[in-house]
Amino acid sequence: MNTFWLDDQLRVKLIAKFSNVNDDYFGVGYETNQSIDRGKETSQYNRILFYLQPKVDLRLLTNFYGGVSFVYSNLKVRETNPVMEEDENFQNFGPEIIETGFAVNLTFDSRDIVVNAYKGWFVNLSYYLTTEFFGGNQNYQVIEYDLRYYRSLNRLGNTLAFRAYGRQAFGEVPYSGMTLIGSTDLLRGYLNGQYRDKAGLAVIGEWRYMFLNKERVKGKHGIATWLGTGSIAQNLGTLSNWLPNAGIGYRLELQPRMNLRIDFGFGRNSSGLYFNFSESF
């Protein structure tokens, strides 16, 4: 939930998640991840997650914001799969991961509309620290950056979008705190969690096109297509195994600048179908 106050001088955001799902776990590291096929050995994994992150951003200069947030996360694993039972990281950290910490960030945001930008930049750099001092049972750090660029091509509704996302975790990082590059908003077509390690980078270029209606103005139907790639490793400087990604999607504008998104993504020996009410980035 995003709210904007005082003529956008103050932004308040709340991220709250609760899930009780059966999931897949493939271990940590590219060599391990790519050598295991999805099946009973990966999917017999049940987790319960409660996540809460209130965040406040204050405008410092035109389009520049500084922010701080508090993070509380509680993950409990109730059932493990054979891969997880033999995984060194899971053996070291156990079935319950509690994180309490703080994050700080600097943001440049010149997008015309946050949820579905046609033009502008979004650049975010953040630092996250979780520590037992605040009541959790984990001690590690994360540096994360997110760069996005949007450009209209000759008219509104014909948009080129670009994103580069990177994340590096430091210290004794549990399996739940590793960097993931497959999801509904990064490399669509890969299972979220199939590829995980301390560091990761994903790059995506997407073309979004809303068709014109009979009056020759932007209508309610559109398409999107994208190309991307990503990699994981222990460190950003050692990234070498790049995963291909591509896909195509359908858009239906339910409200002005608010689309229903249906995407089908392809990856290396992987694919996925996604439904959402916002753009991937």
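Reply: Arg155 is found in the loop between E7 and E8. Strands such as these, and helices, are DSSP runs numbered from the N terminus, where a helix (H or I) has at least four residues and a strand (E) at least two. The model is predicted, so local features need pLDDT of at least 70 and side-chain atom pairs count only at pLDDT 80 or more, while totals for chains, interfaces and linings use all residues. Residues are numbered from 1 along each chain as its sequence is written, and side-chain values use heavy atoms, with hydrogens and water left out.

Arg155 counts as buried because its relative accessibility is 19%. The cut-offs are as follows: buried means under 20% relative accessible area, exposed means over 50%, and partly exposed lies in between, with a 1.4 Å probe and protein chains only. Asn154 lies in the loop between E7 and E8 as well, yet Asn154 counts as exposed, at 73% relative accessibility. Asn154 also has a positive phi of about 70°, although it is not a glycine.

Leaving aside residues up to four places away in sequence, Arg155 touches Tyr209, Met210, Phe211 and Leu212; contact here means heavy atoms within 4.5 Å. Arg155 and Tyr118 are 37 residues apart in sequence, and their C-alpha atoms are 9.5 Å apart in space.

Arg155 lies over the face of Tyr209, at 4.7 Å from the ring centre. A charge is said to sit over a ring if NZ of Lys or CZ of Arg is within 6 Å of the ring centre and within 35 degrees of the ring normal. Arg188 has such a position over the face of Trp226, at 3.7 Å from the ring centre.

Trp207 is partly exposed, with a relative accessible area of 32%, and Tyr209 is partly exposed at 22%.

Salt bridges can be followed from here. A salt bridge is a side-chain nitrogen of Lys or Arg within 4 Å of a carboxyl oxygen of Asp or Glu. The model has 18 salt bridges by this rule. One of them joins Arg163 to Asp146, with the closest N and O atoms 2.8 Å apart. Arg163 is in strand E8 (residues 158-171) and Asp146 in strand E7 (residues 140-152), so distant parts of the chain, 17 residues apart, are linked by this pair. Arg163 and Asp146 are buried.

Arg208 takes part in a salt bridge with Glu206, at 2.7 Å from N to O. Glu206 and Arg208 are buried. Arg208 also meets Glu279 in a salt bridge, at 3.7 Å from N to O. Because Arg208 lies in strand E11 (residues 199-212) and Glu279 in the segment after strand E15 (270-276), this pair ties together parts that are 71 residues apart in sequence. Shared partners join Arg188, Glu206, Arg208, Arg251, Arg261, Asp263 and Glu279 into one network of salt bridges. Arg188 in this network is the residue that lies over the face of Trp226.

Finally, the surroundings as a whole. The protein has four helices and 15 strands. Its radius of gyration is 20 Å, close to the 19 Å that the globule rule gives for 281 residues, so the protein is as compact as a globular protein of that length. The radius is taken over C-alpha atoms, and the rule is 2.2 Å times the number of residues to the power 0.38. Of the 281 residues, 47% count as buried; Arg155 is one that counts as buried, at 19% relative accessibility.
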